[in-house]
Number of protein chains: 2
Amino acid sequence: MRDARKKFMRAAIRLARKGMNKNSGGPFGCVIVKDGKVIARAHNAVTDLNDPTAHAEVVAIRKACKKLKTFQLTGCEIYASCEPCPMCFGAIYWARPDKVFFAATREDAAQAGFDDDFIYHEIDLTHAARKIPFEAMQSKEAVTVFDEWKIKPDKSVY
Amino acid sequence: MRDARKKFMRAAIRLARKGMNKNSGGPFGCVIVKDGKVIARAHNAVTDLNDPTAHAEVVAIRKACKKLKTFQLTGCEIYASCEPCPMCFGAIYWARPDKVFFAATREDAAQAGFDDDFIYHEIDLTHAARKIPFEAMQSKEAVTVFDEWKIKPDKSVY
């Protein structure tokens, strides 16, 4: 078990280096495992794809879900070469795998020039105090749409 | 200015209802505005696409970046029918727009059965205490990849 986990993590780290060396994006890799087998692998591709959401974990989650034809990763483990950033953290929670393993930390990422740790701090600030300010615009209509959702008979809950 | 903002928010809310009514996913919409014009619009498409990352904000950010051919949304404003979840919060910070406006709150979303507020709470827990446990696997190799990135001469910083 321990050895298998090390093998999966080494694969994630190999992907991190591979993506970096071919200038796809930052040095981050991820593999997703189900029943002891890798079902999705990805590296960061932000600059190559001009997609700020193309982090290794997000790309791997999208691939794994496509493969499994579901929006849930029940029974899966995620191996990330670095601690997931808040975006990837959120993506993981929506995908609901069983467990997440990571190697480098958010502090390591910060030392390499990435905003992960900064974003973790910003998330706890009040809306107005954030570097990117968030402004609430109250709207009865927005809440009404939620009320319609609540009573919708044929909704797919996720 | 105020009227324009209301118009953009109404468009985001319209998209929320549209996506819900055609069973694309949850009742969430988003528009991205640059220089007073909408450059991207999206609604949640999680269940339709089997993609847990297909939240309105993430889809709209990807569209806007594709359109602008860049991974940065400098000079843009994001209008979301509901307060962005942690995943979308992170995506917004990586895309770096000027400002975010939202209508319904994370508490409204929670009342409609969505995990946004729950995920905001989980993010502050220790790795082991989370509902989806995160386990650190120390690896010298993972940090070495960051060291290689730091001295990489032709890297694109994002």
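Biologist: How many aromatic pairs does a search of the whole structure find over all chains?

Modeller: The search finds 22 aromatic pairs over all chains. This is a predicted model, in which local features need pLDDT of at least 70, side-chain atom pairs count only at pLDDT 80 or more, and totals for chains, interfaces and linings use all residues. Residues are numbered from 1 along each chain as its sequence is written, chains are lettered from A and ligands numbered from 1 in the order in which they are written, and side-chain values use heavy atoms, with hydrogens and water left out.

Biologist: What makes Phe146(A) and Phe114(B) an aromatic pair that is tilted?

Modeller: Rings of Phe, Tyr and Trp (its six-membered ring) pair if their centres lie within 6.5 Å; planes under 30 degrees apart count as stacked, over 60 as edge-to-face and the rest as tilted. The rings of Phe146(A) and Phe114(B) are 6.4 Å apart, centre to centre, with 40° between the planes. The distance passes the pairing limit and the angle falls among the rest, so the pair is called tilted.

Biologist: Where do Phe146(A) and Phe114(B) lie?

Modeller: Phe146(A) is in helix H7 (residues 140-151) of chain A, and Phe114(B) is in the loop between H5 and helix H6 (116-122) of chain B, so the pair crosses between chains. Helices (H or I, at least four residues) and strands (E, at least two) are DSSP runs, numbered from the N terminus.

Biologist: Why is the pair of Tyr158(A) and Phe114(B) tilted?

Modeller: The planes of Tyr158(A) and Phe114(B) stand at 50° and the ring centres are 5.4 Å apart, so this pair is tilted. Tyr158(A) comes in the segment after H7 of chain A, so its pair with Phe114(B) also joins two chains.

Biologist: Why does Phe114(B) count as buried?

Modeller: Buried means under 20% relative accessible area, exposed over 50%, and partly exposed in between (1.4 Å probe, protein chains only). Phe114(B) has 5% relative accessibility, so it counts as buried. Tyr158(A), with 9%, is buried as well.

Biologist: Which residues form one aromatic cluster?

Modeller: Phe28(A), Phe114(A), Trp94(B), Phe146(B), Trp149(B) and Tyr158(B) form one aromatic cluster.

Biologist: How do you know that Arg62(A) forms a salt bridge with Asp51(B)?

Modeller: A salt bridge is a side-chain nitrogen of Lys or Arg within 4 Å of a carboxyl oxygen of Asp or Glu. The closest N and O atoms of Arg62(A) and Asp51(B) are 2.8 Å apart, so they meet that limit. This pair crosses between chains, from helix H3 of chain A to the loop between helix H2 (46-49) and helix H3 (56-68) of chain B. Arg62(A) is partly exposed at 29% relative accessible area, whereas Asp51(B) is buried at 6%. Over all chains, the search of the whole structure finds 18 salt bridges.

Biologist: Which parts of chain B are linked by the pair of Arg106(B) and Glu83(B)?

Modeller: The side chains of Arg106(B) and Glu83(B) meet in a salt bridge of 3.0 Å, N to O. The pair links helix H5 (residues 106-111) with the loop between strand S3 (76-82) and helix H4 (86-95), and the two residues are 23 apart. Arg106(B), with 16% relative accessible area, is buried; Glu83(B), at 4%, is buried too.

Biologist: How many residues apart are Lys150(B) and Asp147(B)?

Modeller: Lys150(B) and Asp147(B) are three residues apart in helix H7 of chain B, about one turn of the helix. Their side chains form a salt bridge at 3.4 Å, N to O. Lys150(B) has a relative accessible area of 37% and is partly exposed; Asp147(B) is also partly exposed, at 37%. Elsewhere, Arg17(A), Glu141(B) and Glu148(B) are joined into one network by salt bridges that share partners.

Biologist: Which residues form a positive surface patch?

Modeller: The patch is formed by Lys6(A), Arg10(A), Arg14(A), Lys18(A), Lys22(A), Arg41(A), Lys63(A) and Lys67(A). Patches are made of residues with over 30% relative accessible area and no salt bridge, with like charges joined within 9 Å and nonpolar side chains within 5 Å. Lys and Arg count as positive. H1(A) gives the most to this patch, with four residues.

Note on methods. Accessible areas come from the Shrake-Rupley method with a 1.4 Å probe; for residues, only the protein chains shown count as cover. The place of a charge is taken as NZ of Lys, CZ of Arg, CG of Asp or CD of Glu.
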